[in-house]
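I opened the notebook to jot down what I looked up in this one.

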Amino acid sequence: MVQFFYDRERAVAYAEMWWNSYNPAFPIFAVDCTNYISQCLFAGGAPMRGEPNRQEGWWCRPNTWSYSWSVSHSFYWYLKASTTGLRAVQVDSARELYPGDVICYDFEGDERWDHTTIVVAKDIDGMPLVNAHTDNSQHRNWMYMDSRAWTPNIRYAFFRITNTYD
């Protein structure tokens, strides 16, 4: 195992800097949530891998990128299964997350992951506050109950980013 240091503070600083604008060094998408979260993780030192195959790994270059870099559903499956490069451990509850970790959202509860956020802080009760793109948000309650996309069928996946890759 090779170690890299995921700098949560740098990831959060990036999330705070760009939550309501777009870094011109990266592509911009109409549905930009996962692209934004990927940029935050990369700013924190998460290593890219898999180029040039868009269906493998997690990476971005000026005119091309992997599906996992930019598509919520692909990003969810990448985090769930990755054994090299950017890795995460799925945990059972939002309370177990730290700033710099990720929450994935399946708004309809249909196994199609629709949205991604990054934890940037904790509220007074120790629950995550998140930043996101698409509907740009800063320090939003992690449950997203105020979102027009929220449904009673919503499912969440909580990922703690780790520092080890092969």
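I checked the handedness of the helix pair: helix 1 and helix 2 cross in a right-handed way. (A crossing is left-handed if the near helix is turned anticlockwise from the far one by less than a right angle, and right-handed if clockwise; helices are DSSP runs of H or I with at least four residues, strands are E runs of at least two, and both are numbered from the N terminus.) Before going on, I note that this is a predicted model, where local features need pLDDT of at least 70, side-chain atom pairs count only at pLDDT 80 or more, and totals for chains, interfaces and linings use all residues. Numbering starts from 1 along each chain as its sequence is written, and side-chain values use heavy atoms, with hydrogens and water left out.

Next, the geometry of the pair. I found that the axes of helix 1 (residues 8–18) and helix 2 (residues 33–43) come within 7 Å and cross at roughly 140°. Axes here are lines fitted to C-alpha atoms, for helices over the stretch in contact, and angles run from 0 to 180 degrees between N-to-C directions. So helix 1 is oblique to helix 2; under 35 degrees would be roughly parallel, over 145 roughly antiparallel, 65 to 115 roughly perpendicular, and the rest is oblique.

Which residues of helix 1 meet helix 2? I listed Arg10, Ala11, Tyr14, Ala15, Glu16 and Trp18 from helix 1, against Tyr36, Gln39, Cys40 and Ala43 from helix 2 (contact means heavy atoms within 4.5 Å). I sorted the residues of this contact into seven nonpolar, one polar and two charged. Nonpolar covers Ala, Val, Leu, Ile, Met, Phe, Trp, Tyr, Cys and Pro, charged covers Asp, Glu, Lys and Arg, and the others, Gly among them, are polar.

Then I moved to the loop between strand 7 (128–132) and strand 8 (137–141), where Asn136 sits. Asn136 is partly exposed because its relative accessibility is 22% (buried is under 20%, exposed over 50%, partly exposed in between, with a 1.4 Å probe and protein chains only). Leaving out residues up to four places away in sequence, Asn136 touches Trp19, Asn20, Ser21 and Tyr22.

Thr134 is in the loop between strand 7 and strand 8 too. I noted its positive phi of about 85°, although Thr134 is not a glycine. Thr134 counts as partly exposed at 33%.

Last, a cis bond: I found one from Glu51 to Pro52, with omega near 10°. Pro52 lies in the loop between helix 2 and strand 2 (60–61).
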